[in-house]
Amino acid sequence: MTIQTISTRPFDGQKPGTSGLRKKVTVFQQPHYLENFVQAVFDTVPLAGCTLVLGGDGRFHNRVAVDIIVRMAAANGVARVLVGQGGLLSTPAVSCVIRKHGADGGIILSASHNPGGPDGDFGIKYNIGNGGPAPEKVTDAIHAATQAITEYQIADVAAFDLDVVGRYAVGEMIVDVIDPVDDYAELMQRLFDFDAIRAWIAAGHTLRFDAMCAASGPYATRIIEGLLGAPVGSVVNGVPLEDFGGHHPDPNPAHATELIAAMRGGAAGDDAPDFGAASDGDADRNMVVGRVHNVSPSDSLAVLAANATLIPGYAQGLAGVARSMPTSCAVDVVARELGIECFETPTGWKFFGNLLDAGKVTLCGEESYGTGSDHVREKDGVWAVLCWLNLVAKTGKSVDELLEAHWARFGRHYYSRHDFEAIDAAAANVLVDGLRAQLPTLAGSELAGKRVVLADDFAYDDPVDGSHSAKQGIRVVFDDGARIVYRLSGTGTDGATLRVYLEQPERDRLGLDAQAALAPLIAASRTLANIQGLTGRNAPTVIT
């Protein structure tokens, strides 16, 4: 094996966010760009002699990146790499494989729900030995290394066949090309009542799972059509494509329009499937759809928490639950009735990972269509869909009936997120600074016909590692439990995205249109932040 040392120089703007480093494909195609980040990982994390898991969502540039990373791993003394066949491993599957095989970490190649293709996005992140995203102290150290890098190491070795499962010698390193679904499917069979779901399907019930030409396709096909016996064609868009078939692989009402139309069926809905679901680019997000209702992520977490003991993997009950701060408080109500703790964390799955590792929570979720549990250390789209299928099969109730029964018992939290995408970053920062300046005078004031009882910039003290996270989003909380939350998001690659989260709890008025129920809060949110005046936008880009 010949190891080459290549001279390089730092690139600007390489600081990874909570979801890793995301840029346009053309940025990653620059000479040395990907290599700089990967070498920074090897310089920061002691992986010599260790086992590494590698895979991605199959988007454009995935295979090129896999080849580069394998050769760099060999040059940096990694002992073994487990890589998904064809370079494919969903994000939750990477976490599963790390945990099952006792790997020391993993590299995930994905830009999650962002579009793919030559003009689309690409991403990379490092996960630690618990299977979850690297904590901030590690990502900060990786970023510091990218700013000081002068060279990287890469091996000149014979190629191996990424498309054939087997063991290969790459220099002195072992590469195991593994079936991307096997370990994950085995785990799912231990968690869920597959017999009950099979019986529900055999009784003639139908379902539609839209994989959006992304990573969940092979997982859903193997499990839903294979192990559970659903008819072939129940999984649509099931073959991963480098450009996701032109889809925006984000399972929400704005982008999963074909699924929602199919679930609404004809005038009476007679031709609609009984159950609908979708997952995103790297299979860590989910959307569940009934014939009448689209299940919001906040409601999904609450319903799963309230009914968890119907699922074999959670039959003993929940240690606790956690939600990201912008996620609605619907699960808080469930936690109070169950007598368990509910943790409110910043956005980012690494915060849940600490709580899961410490045994403080069993279920967790965030409003951006991500739900998970202690089975892995990432959110998990296919797992969440199987949770709902398990509940439907065990109760005999439809998605809509489960949701409406939950609202009747716990009340309904009307909820929506309004995204103002690709706005000028400087204007976005001025807007947020202006909101922060108003915080001291907001508490006790009247807004949207309600009294403000709390106005702050959310901060979090981690109960496990003691870390402090400040400026995690601006909260305006009202005396009836309603909330307006503002947060700048880092998941895009163009400009800034301002996310405005709106929540209105109701005990009696359960059948309203969500946007109508939230109308006073929507108007107040735009006036308070002067959104149109500072960004020029009089309406959000996307409403979910």
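**Cavity, pocket and sheet**

Guide: Strand S13 gives the largest share of the lining of the largest cavity, three residues. Helices (H or I, at least four residues) and strands (E, at least two) are DSSP runs, numbered from the N terminus. This is a predicted model: local features need pLDDT of at least 70, side-chain atom pairs count only at pLDDT 80 or more, and totals for chains, interfaces and linings use all residues. Residues are numbered from 1 along each chain as its sequence is written, and side-chain values use heavy atoms, with hydrogens and water left out.

Visitor: What is a cavity, and what is a pocket?

Guide: Both are found on a 1 Å grid over the protein atoms alone. A cavity is a set of points where a 1.4 Å probe fits but cannot get out. A pocket is an open set with protein on both sides within 12 Å along at least five of seven lines. Lining residues have an atom within 4 Å of a point. Grid points are joined across faces, edges and corners, and a volume is the space filled by probe spheres set on the points. Here the count comes to one cavity of 30 Å³ or more. The largest cavity has a volume of about 50 Å³.

Visitor: Which residues line the largest cavity?

Guide: Among them are Asn 286, Met 287, Val 288, Ser 300 and Tyr 369. Strand S13 (286-289) and helix H10 (297-307) each supply at least two lining residues. By class, the lining has five nonpolar, four polar and no charged residues. Ala, Val, Leu, Ile, Met, Phe, Trp, Tyr, Cys and Pro count as nonpolar, Asp, Glu, Lys and Arg as charged, and the others, Gly among them, as polar.

Visitor: How much space lies in the second largest pocket?

Guide: About 490 Å³. Of its 25 lining residues, the closest to its centre include Asn 294, Tyr 415 and Thr 544. The largest share of the lining, six residues, comes from S18.

Visitor: In what order do the strands of the open sheet lie?

Guide: Strands of a sheet pair through backbone hydrogen bonds, either parallel or antiparallel. Two strands pair if DSSP finds at least two bridges between them. Here four strands form an open sheet, ordered S15-S14-S16-S17, with mixed pairing. Strand S15 (341-345) and strand S17 (370-373) are the edge strands, and each pairs on one side only. Strands S14 (residues 320-324) and S16 (residues 363-366) run parallel, joined by three bridges. Arg 323 has Gly 365 in S16 as its bridge partner.
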